[in-house]
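Subject: Structure for you to look at

Hello,

Here is the structure I promised to pass on. Please open it first, then read my notes below.

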Amino acid sequence: MALAAGDLDRRIVLQRATTAQDETGQEIETWATLATVWASWRRASARETLAAAEVAAAVTDIFVIRWWSGVSDLNPKDRVQYAGRTFDIADVSEIGRHEGLQISAVARSDV
């Protein structure tokens, strides 16, 4: 399955949790940009949502990006920012052999 450049028409920001120090020297969790990449986006089907064992009233979105070593270790501890919303990553699956990554993500309701 080749990833057509025309299908990757959305800009998303991949973020990773990191720690920093506040003014008092306490360590706090903050989010650092891992990469800004082109992606395709679609809403997950009901079947995909059930397969992911989603039981809450949440909407799962699917992002597809090209594979590259800088994000090959993307995982559910990371997150996606897209269209002014923050998405928690539920699953990352490799497409083909180093061809792309499919990211299943759930929009956060607390942001």
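**What I found**

The protein chain exposes about 6,900 Å², and carbon and sulfur atoms supply 50% of that area. Accessible areas come from the Shrake-Rupley method with a 1.4 Å probe; for residues, only the protein chains shown count as cover.

This is a predicted model, in which local features need pLDDT of at least 70 and side-chain atom pairs count only at pLDDT 80 or more, while totals for chains, interfaces and linings use all residues. Residues are numbered from 1 along each chain as its sequence is written, and side-chain values use heavy atoms, with hydrogens and water left out.

**Confidence**

pLDDT is the predictor's confidence in each residue, from 0 to 100. The protein chain averages 86, and 82% of the residues score at least 70. Among its elements, S4 has the highest mean pLDDT (97) and helix H1 (residues 46-51) the lowest (55). Where pLDDT is low, the predicted coordinates should not be read in detail.

**Layout**

The protein chain has 1 helix and 6 strands. Both kinds of element are DSSP runs numbered from the N terminus (helices: H or I, at least four residues; strands: E, at least two). Along the sequence the pattern reads β-β-α-β-β-β-β.

Strands pair if DSSP finds at least two bridges between them. S1 and S2 run antiparallel, joined by 12 bridges. Ala20 stands opposite Ile28 in S2. The hairpin of S1 and S2 has 5 residues between the strands, and Gly25 takes a positive phi near 90° there.

S1 also runs antiparallel to S4, with 3 bridges. Here Gln15 stands opposite Arg79 in S4. S4 in turn is joined to S5 by 4 bridges, again antiparallel. The hairpin of S4 and S5 has 2 residues between the strands, and Ala83 takes a positive phi near 50°.

**The core**

Of the 111 residues of the protein chain, 31% count as buried. Buried means under 20% relative accessible area, exposed over 50%, and partly exposed in between (1.4 Å probe, protein chains only). In soluble globular proteins, nonpolar side chains tend to be buried together.

A nonpolar core is a set of buried Ala, Val, Leu, Ile, Met, Phe, Trp, Tyr and Cys residues joined through side-chain atoms within 4.5 Å. The largest one has 17 residues; Ile12, Leu14, Phe63, Ile65, Val80, Phe87 and Ile103 have the most contacts inside it. At least two of its residues come from each of strand S1 (10-21), strand S2 (27-43), S3, strand S4 (79-82), S5 and strand S6 (100-107). S6 gives the largest share, 4 residues. A second, separate core of 5 residues includes Leu3, Ile62, Val64 and Ile95.

Contact means heavy atoms within 4.5 Å. Leaving out residues up to four places away in sequence, Val80 touches several residues, including Ile12, Leu14, Phe63 and Ile103. In S5, the bridge partner of Val80 is Phe87.

**The aromatic rings**

The whole structure holds 3 aromatic pairs. Phe63 and Phe87 form one that is edge-to-face, 5.4 Å centre to centre with 80° between the planes. Phe63 sits in strand S3 (residues 60-66) and Phe87 in strand S5 (residues 85-95), 24 residues apart. Rings of Phe, Tyr and Trp (its six-membered ring) pair if their centres lie within 6.5 Å; planes under 30 degrees apart count as stacked, over 60 as edge-to-face and the rest as tilted. Both Phe63 and Phe87 are buried. Ring pairs link Trp41, Phe63, Tyr82 and Phe87 into a cluster.

Best wishes
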